[in-house]
Amino acid sequence: MKTTFYSLFTLLLLMGCADKTESEQVQLKTLSENNPFNVKLNVPIDYASVDDAAIEEYVATTIDNVVTEVEEIKAQETPTFENTFVAYDRINNQLSKASNNAFMLYWVSTDSIVRAEGLKGNQKVDSLGTVIGSDKLLFEKFETFAASEAYNTLQGNRKKMVDDVIAGFKQSGVNLSPENLEKFKTLTAEISDLSSQYSTNMNTANEVLTLTEAETDGLPESFKAQYKQEDGSYDIPVINATRVTMLNNPNSSEVRKAYTIKYDNRGADKNLEILDSLVSKRYQLAQLFGARSYAEYNLKLKMAKTPETVWNFIDGLVAESKGKAVEDLKVLEAVAAKRGQTVNAWDLGYYKDQILKNEYNVDHEKIREYLPMDACLEGLFTIYQQLLGLEFRKAENATVWSEEVEAYEVFENNKLKGRFYLDLYPRPFKETWFYGVPLTYGRQTAEGYEVPVAMLLGNFTKPTEDMPSLLTYKELNTLFHEFGHIVNSMSYDGEFNVQAQANSDFVEAMSQIFENWIGNYEMLSSFAKHYKTGEVFPKELFDNMKASQNVSSGLNAQSMLRKCIYDMNLYDKYDPANPVNTDEIWKNIDKQMGVMDWYVDGTHPQGSWIHVNTHPTYYYGYLWSEVYAQDMFTLFEKNGLTDQETGVRYRKLILSNGSQRDVVSAVEEFLGRPSNNEAYIKSLGLE
């Protein structure tokens with residue numbers, strides 16, 4: 001998944017600055033000499049030395065300086081591109097780095113005080129973004145330049161930057177009446193606070209399922225060994241790293257159900273009420289702009305543009321996949337009937353796994369043994385480096401926020417291109433999902449190019465004293481996906497910080513495409529070797545996996561679409577006069593889709609679903625992006641999965657684009673034709 005910084009990034013697209021070069025700035029405050037954030041261009045931050053005081057000073061100093069620089073731009077008598085938009089990019093860079101680093105430490109720090117200060121710092125920057133983004137005088141300076149002859153001479157990314165910034169200002173409330181503007185500011189602050197509470201509740205749930213020996217029947221012995229207690233029972237943490245194993249392997253349906261109930265209730269005791277408030281407040285915010293729904297307001301700057309486009313997209317895929325889903329369910333029910341059982345929502349993974357094991361000789365727990373993390377990372381690095389023409393060098397003795405974290409530098413022809421961190425395993429109070437997290441966006445400065453910095457935040461199966469981290473094939477897929485976000489960040493070499501991010505409903509395509517590499521035997525077998533024997537991943541097993549890849553593909557598609565529909569129901573169909581219980585929405589969707597009852601009574605999965613919290617009207621973007629990803633992959637299928645010429649061309653046209661040019665035109669140039677959904681439909685086995 002991508003980062004949670006989209007909404008903040010949008011707000012931060014609203015900064016301005018002075019008519020001076022970076023070396024000629026007005027007198028600004030400087031950080032204390034020993035503050036870890038006080039670093040020169042492209043020098044890594046000393047994260048191991050960061051404490052709450054360092055964050056507090058860093059955020060406060062950044063805010064003070066930005067306020068000063070914003071006043072400078074507002075004082076300009078003759079706005080130019082340099083003293084407005086170039087200056088604005090410089091300010092945005094300061095704020096985004098402060099915000100991203102503070103929020104990242106809130107997510108990952110092992111120190112509770114640092115986490116608290118990180119959240120506080122992020123919220124302060126967020127609040128400033130709201131204030132500046134609605135500054136009418138600042139906006140007037142941008143509009144004045146946009147109406148000048150100088151604007152008409154702009155071309156390419158510079159002209160698009162001006163247009164996008166002005167559109168962002170309008171989206172952020174600058175044209176609202178004074179009364180509505182105050183409401184907007186209040187609502188934005190309340191939404192930010194509620195969202196943070198939601199995330200904290202989800203990440204501190206710490207649910208555990210205790211099982212007897214008999215109840216563990218079907219679970220892998222290596223898995224059980226990690227959680228066995230002195231009294232012979234097993235305490236299974238209810239987290240992402242255990243979910244697939246616990247839903248696919250226990251022979252007891254009651255155990256699978258018990259795990260599902262706990263998993264889908266994480267944080268729900270507090271978060272259901274918070275979600276209700278978030279939906280209501282986002283609706284109220286949209287109303288200030290005259291929008292019918294929050295979705296209508298939120299989608300304006302995305303590729304889809306309107307809720308109608310999204311609904312048509314979703315409905316089309318629902319219709320395409322329903323027939324296959326119905327047949328998939330019948331197949332699972334036939335397997336269950338032989339055991340005198342029925343298929344409930346918590347049984348889907350188990351019976352699919354039974355089909356894979358018994359009919360295709362595919363055992364995903366056995367597959368784990370060929371996928372130790374270290375070998376997978378080495379193989380991933382080799383593939384990405386060869387394909388994209390990059391080099392990753394591990395930074396020895398890197399100063400990081402946890403001893404588990406590793407740091408790498410990225411080079412192209414011995415020139416530094418970026419830096420990334422790997423924080424791969426779960427630990428108490430750490431954010432529980434998977435993300436490619438941007439920390440610094442690339443941009444040109446007077447002192448040279450400021451390279452991008454990012455972090456891969458993961459929660460993969462953790463190594464033990466007796467066993468390395470062994471990935472499921474699904475986890476390997478996630479690793480390739482999330483690292484796609486990292487190379488997306490590393491590839492950007494554009495002029496301006498604010499153009500480093502692509503449309504949020506396209507950004508997943510640039511990482512989804514890389515999932516295809518592990519679906520090729522030559523690629524997979526180059527690194528997948530048994531952690532004990534060194535045996536190469538068997539070709540027969542791979543062929544069996546390929547033969548089974550469309551088992552339950554219709555159900556999988558419908559499950560994904562169900563979440564897309566839920567997200568859009570929350571934010572496009574909310575009626576304040578008749579708000580629907582958020583549990584009932586699940587049930588209504590199941591009836592409308594007409595495949596099966598997915599909803600489990602007594603559960604509240606919306607209480608621990610990060611997307612409806614931090615990424616409203618985003619989930620459809622995974623499927624929207626997948627259409628582009630599979631289409632772009634056809635060029636690699638044609639030219640070769642290690643063809644560096646195609647890979648470098650992909651990096652320069654797509655990965656490094658951000659928002660410098662229209663993404664549709666960039667994709668069409670890469671493909672040499674208009675994009676279509678044929679490859680995506682084929683990938684689902686629905687052609």
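# A walk around strand β9

The model is predicted, and in it β9 is mostly covered: five of its five residues are buried.

Visitor: Which residues of β9 are buried on one side, and which on the other?
Guide: In a regular strand, side chains alternate between the two faces of the sheet. Here both faces of β9 are covered. One side has V453, M455 and L457, while the other has A454 and L456.

Visitor: Where does β9 sit in the order of its sheet?
Guide: We're looking at an open sheet of five strands with mixed pairing. Its edge strands, each pairing on one side only, are β3 (391-394) and β6 (435-440). Neighbouring strands are turned by 25° against each other on average, ignoring direction. Read across, the order is β3-β4-β5-β9-β6.

Visitor: In what sense does β9 pair with β5, and in what sense with β6?
Guide: Let's take β5 to begin with: five bridges join β5 to β9, and R419 has V453 as its bridge partner in β9. Over on β6, V437 stands opposite M455 in β9, and β6 and β9 also pair over five bridges. So much for the partners; as for the sense, β5 and β9 run parallel, whereas β6 and β9 are antiparallel.

Visitor: Which residue stands opposite R419 in β4, and how many bridges join β4 and β5?
Guide: Strand β4 covers residues 406-412 and β5 covers residues 415-423. These two pair in the antiparallel sense over seven bridges. The residue facing R419 of β5 is E409.

Visitor: Which helix packs on the sheet and touches β9?
Guide: Helix α17 (residues 373-388) lies across β3, β4 and β5, running at about 145° to β3. Another helix touches β5, β6 and β9 (453-457), and its direction makes about 140° with that of β6. That one is α3 (residues 81-108).

Visitor: What is the nearest side chain of opposite charge to R115, and how far away is it?
Guide: R115 lies in helix α4 (residues 112-133). Leaving out residues up to four places away in sequence, R115 touches L105, Y106, S109, T110 and F429. R115 is buried yet has no salt bridge. The nearest side chain of opposite charge is D111, 6.4 Å away.

Visitor: Where does pLDDT stay under 50, and what is the mean for the protein?
Guide: Across the protein, 96% of residues reach 70 or more, and the mean pLDDT is 94.

Terms used:
Residues are numbered from 1 along each chain as its sequence is written. This is a predicted model: local features need pLDDT of at least 70, side-chain atom pairs count only at pLDDT 80 or more; totals for chains, interfaces and linings use all residues. Side-chain values use heavy atoms; hydrogens and water are left out. Two strands pair if DSSP finds at least two bridges between them. Helices (H or I, at least four residues) and strands (E, at least two) are DSSP runs, numbered from the N terminus. Axes are lines fitted to C-alpha atoms, for helices over the stretch in contact, and angles run from 0 to 180 degrees between N-to-C directions. Contact means heavy atoms within 4.5 Å. Buried means under 20% relative accessible area, exposed over 50%, partly exposed in between (1.4 Å probe, protein chains only). Lys and Arg count as positive and Asp and Glu as negative; His and the chain ends are not counted. A salt bridge is a side-chain nitrogen of Lys or Arg within 4 Å of a carboxyl oxygen of Asp or Glu. pLDDT is the predictor's confidence in each residue, from 0 to 100.
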